[in-house]
Structures are given as structure tokens and as C-alpha cells.
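Q: Could you help me learn to read how helices and strands sit against one another in a model like this?

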Amino acid sequence: MKRIFLAILLSLELTKAALAADTGLIFISLERGNQVVVLNPDLTVNTKIDTSRRPRDMHFNMDHTLLYVACGDDDTIDVIDVATLTDIDAIPTGPSPEMFQFNPDETQIFVSNEEDSVMEVIDIATKTVVDRVPTGAEPEGVINSVDGKYIFVTSEVADMVHVIDRSKAAVLKNIIVGTRPRRFVVTPDGSELWVSDELSSEIHVIDISTLTIKDALSFVPPGFRAEDVTPVGMTITKDGSKILITLGRANNLAIVDAKTREVLQYVLVGSRAWDVDLSRDEKTAYVTNGLSDDITIIDMESMTPIQSLSVGRTPHSIRVDD
Amino acid sequence: MRLRHLLPVLALLAFPALGDVLKIGHLSLLKDPRYGQDWGYARLITPPPVITADAARMAVSDLLFTTDAVGLSVKLDTQAVTSADVVAAAQKMVAAGDDYLVLDLPADGVKSVADALKDQPVLLVNATAPEDSLRTACYPNMVHSGPSRRQEMDAFTQYLRSMNWTNVLILEGEHPDDAGLADAFATSAERLRLTIVDHRPFTLANDPQNREGNNIRLLTGDIDYDVIFVADTRGEFGRFIPYASLLPRPVIGSIGLVAAPWHWAYERDGATQVSSRFDKLTGRKIQPADWDVWIAVKSIITSVMKVPQPYPPLVRGFMTSNKLKLDGSKGVTLNYRSWDGQLRQPILLGTSDAVIVVAPVQGFSHQTNTLDTLGTDEAEFACD
């Protein structure tokens, strides 16, 4: 019995691997360029894909055949075909979609509508809105809990994290955090939710089992003042050991030990560091810099910047297909 | 590698008890000359109408989720009266339980309300009167959410310095406020060592015997300068100066490049969301005075939720400490200065439809907070 199960799992893995082309392409959404720029693994420009206006958050589907892009000024989530590098579809959303997530079986999108103060649940197959959950003003970060029970959404104006019960599509609890909460990571063991508070220069750590704040952290690189630190983007390694946090106007990336909460290294990047992503082998990190219109590529082993690269107007998000 | 655990601070915060009511008053003038809609000849409406009570309502609604979460109910009491009734109205509002009053009044109105209520345990927020004399009056129960003249003028002079436009011609109108504006600019220019090449009064009538005072080419001739600063608080003549000066020079001040706490075209730092929310709520473009009132109400509600007891003097103490971390959608955290109760904030320098630069201008530094390069700093500040 066990063996059969393993065989199924293996074949699933194989199918996934067969579908994923692992192109090594790097996708960057340009908020003011209305394009997704695609870089080759050698960092030369492959192509620039025109999208709907104001492309921001991006996510691949599970097998990396499609890249979804939230386009804030045309109220759509565009769909890019990774094989042909063309914009093939647009899913309508409410006003000003910013950040989004899929549900675990990838049939639905949870999207924050920045100008409508709503988190929408959109059915991908029918492109219809199946649920709308009112949030505080300017909702932004959206993430699932590992067990799929909750969706967490930040409200930048209400200074809180909404805990949404996924089965009921209703707010279960509001947790007040710091000023202007933006984005999340969930630790792979499902125990902790990290929240970046842009204007109070903090990271709040929420215990998911009790839905209470268990820690508030502050990361100030040498030579900066606390008020220069405006943390936004975060990502976590697959083993849950390291969390990467962009520090906004402090122009640094903090690489943090997730367990001890100690900073392992501050890495100098570009002006107003925004989003961060890791390559699949986790040897390389990529940071978008919103005010200097470039990206910084970081070697994770030495934790040093290797190169910065001009990419176009206001890079928002970065995703690597590998 | 500094890492601070901030949790002990959080534990000290006591949120208001369930069922608490916070009453905020908003007092404005029925016909505020600063927002006059028939400035132009033949009732040409140049500025859009400004009713800042809209902005107060938006602030309450923006924070509704948060106030609901802590069981705080916010009641807004908006009153618009004639200038003769300002003091009586303010006293009535306080008697009715408005412990917090946001004043959208010209300086004389703010002064008379402050004088009448200076011994009351209330908090007055001067939202829209920029006069520095209200700051140096040091009313014990007042803070100022809108920028002081000096903050706005320092934004200009930092920019002129950074552009190396160091020789300035000042043109000043006939209204007493115009003189105040021109003087504030001159004070700021002196600190950054700009040169005022001349300071010329402008008159309105086309009297042929006073052509030096009313003809724009003569007014701007006979001397060289890098930039023209226009002090015209009532919008009487400033509109006619850009593109009409004898020398081809940029115009700043009341027209051309204007300093303000907010601009509807500001598109960074989440500003667009505030402006479009306002647009949706009111059907008009947000004006600087709207932002002043919005941030005033927002500071009151945010601070009341963070003090152990919602008592106005305690709330003022919290606001003027560095503990307040206020989000004004201008990219940095805001709080009030301890010495003059003035909100620290970036100032936008904008044209009719674009923000050209945000001050503090890059390169201007300060020993404690860069925002204190704008406005009267602690060392140079003294109460009257």
C-alpha cells in the first residue's frame, strides 16, 4: 500500500517535472512600464511582454506553464504563457488588484483590491467572483496558511492583519500590528506568520496556532536610522531557516535567521528595495529596487551583491522560472 | 547587527475599553476667504471648492476597522459658522463633550479659539493656518497638523539651493498675508544664504502713473535673477506672471511651483490610494487643506488608541513624543515636534498637475531627524 502511494507520488513529481520547462528565465513586472521584462539566465534581455496597465504581483501556476500578473490600473489579472512569452488572457477583478495568491488546488485566486477595500475570491475556470470579503482600507499582502484553513490579508491603513476563515470566506479575527503592514511570509512548518510594517520599521511575528503576536523585531543596518527602514518584501528558504527582508528606503536586504531572529547579513542593494525572490536552488536572490529602476542579484552563499541591472520603469515583482 | 525586541513596549499599550466613545469636533468657517470661489473677476471659479469636513469623515471611515477592533466608537461633530461665531461655537462644542477639536480656520480664528480654551483639558489641532506666530504662541493644548509657512518656505529654499538658483526676485501683493508669506520666504532664504535681489510690491489697478507697480514687464525688468518668488495668497495677480516676465525665468511661490502638504497628482508612497478614495467619497479632487484635516483626525484617533487613558493632555504628550508613528502616505513615518507641536512631514513642490520634488531635498541632513530640516528647528525656536 505504502509502495503504491509512493509510486503515485513519484509519478506526480515526474509529471510536474515534465511540464516545467525550467527555462531559468527571470520575469520582472514594471509597474510604470506596463510590461513584464523577461531576462535570460545570462541576464540579457529576452523580451518585453506588453501587459495591461500597472503590472504588480506575479505568481506561476504549479507547473510553471503560466505566469499570472495583477494589473492595477486595468483591473485584471493577466495570464502570460511561459512557453511562448505572450500575454494570452486577462481575468477581470475589482478595482486596483495588487497582491494575490492561489488556493492550494489552483482553482481560485484570492486578490486584494487596493481601492475597494475588499479581498475577492475569483474562480479561475469561469473567471467569476465567487466571494468578496470586506477588509480595512488599502488591503495588500495575501497569503494562505500551510493547512489551508486561513487566508491572511494586511490592511495598510487599518494597521491590521485580517485572519479570514477560508471555508466561510469571512473575517475570523483582526490582529493589530505596526504602522502600514505590507507583506507576509509563512514558515514552512506552518507555525509562524511574519508581517512587514513599512512605516513603523518593524516585523511582527504572529503565532498561527493562537493567532497572537509573539514577537516584534526591528532591523536597522549600520549607518541608518530606524525611520529610514521601511520593510516591504519578504521570502523564506524552503527549509525555513532564513528569511530575506527588503528594507525599502534603507536600501538594504536583511538576511535573517528565522529561529534566532538574528541578522546574518545586511546586503546593500538599490534605492527603495521592494520585492525579493530566490532561485529554486536558493543560491541566488533577486531584489527589485523601485526608485533606482533596477534589480540587484545576490549570491546567497557569500551573502554579497554580485550585480545590479537596469530593467525599466518601477520594477515591482520578480519571479524566476527554474 | 542590531536587533531589538520591541514586545515589552507593546505590552504597555492599553487599548480603550469596549464601548468607549471618542468625540471629535471639526470647526470651519461658512465662507472661508482662503477657499473663496469667486476670486477671479466675473466669478471665474479658479480653485475647486474645499469642504474639509469631507476629509474628517474619510479619516473616521479609514480607521473604522481598527476602532471597531478595539471597541472604540468615533463620533464626528462638524460645525461651520461665521467668523463672528467661532469662539462661541468652539465653547459649545467643548461643553457638549468634544474633547478634541480640529480647527479649519484662518489664523485669527485659531488664535481666538485657542485664547478662549487655553485652560481647558481639550486638544486643539490647528489644521490649516500656516502662520508661524501660532506656533511661537505655544498654546499648551494645541498641535498643528498642516505645515507651517516656514516648513513650506524651507522646502522651496532647499530646492533652489539644490538647483543653484540662488538669486531671487520677490513680488509681493497687497494683502497683509502676502507680506507674511514674503517675509517667511526671506527668513528661510537667509538661512540657506540665497540672495534676494529685490523685493517689489505689486498693485492691481492699471494706474498709468504707477506702471512700475502694475506692469509685469516693468516689475520684472531692470535687474537679473534666477527665479521669481510670488507672494499672492489671495490669487489676485499671480496667475498672470508665468510666461509674462521680462526675463525668461521660472516662477515659484503662490503660483507656478507651489509648496504644499499634499498634491492630487502625487503617485508614490500609496498617495494615489488616498487621493482616489477621497475622489470616490466626494466627487472632487483632494486639496492640500483636505489632507491637513484628514491627518489631524487620523492622528487623534491613532493616538487615543495608544495611550493608557484617553485624556487629551496625555494624548498630546503621546503625539509629541517619538512614539507616535503616523502614516500620512508620504513614505515616512510622521509625528509632532515636542517644541512647537508642529507635525513633521515631507513637503511637496508641485505644478498644476505634477509633483516636481519632495522636500527634504536629497542631500539636506539633520542630526536627529531629516524632516527637521523643514520648519523652525529646536535650537532656533523660542516661545513668544
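A: Angles under 35 degrees count as roughly parallel, over 145 as roughly antiparallel, 65 to 115 as roughly perpendicular and the rest as oblique. They run from 0 to 180 degrees between N-to-C directions, with axes fitted to C-alpha atoms, for helices over the stretch in contact. This is a predicted model, in which local features need pLDDT of at least 70, side-chain atom pairs count only at pLDDT 80 or more, and totals for chains, interfaces and linings use all residues. Residues are numbered from 1 along each chain as its sequence is written, while chains are lettered from A and ligands numbered from 1 in the order in which they are written.

Q: At what angle do helix α4 and helix α5 of chain B pack?
A: Helices here are DSSP runs of H or I with at least four residues, strands runs of E with at least two, numbered from the N terminus. Helix α4 (residues 86-95) and helix α5 (residues 107-117) of chain B pack at about 45°, their axes 9 Å apart. α4(B) and α5(B) are therefore oblique to each other.

Q: In what order do the five strands of the open sheet in chain B come?
A: Two strands pair if DSSP finds at least two bridges between them. In chain B the order is β3-β2-β4-β5-β6, with parallel pairing. β3 (72-81) and β6 (142-144) of chain B each have a single partner strand, so one side of each lacks a neighbour in the sheet. Strands β2 (residues 20-29) and β4 (residues 100-104) of chain B pair over five bridges, and H26(B) has V102(B) in β4(B) as its bridge partner.
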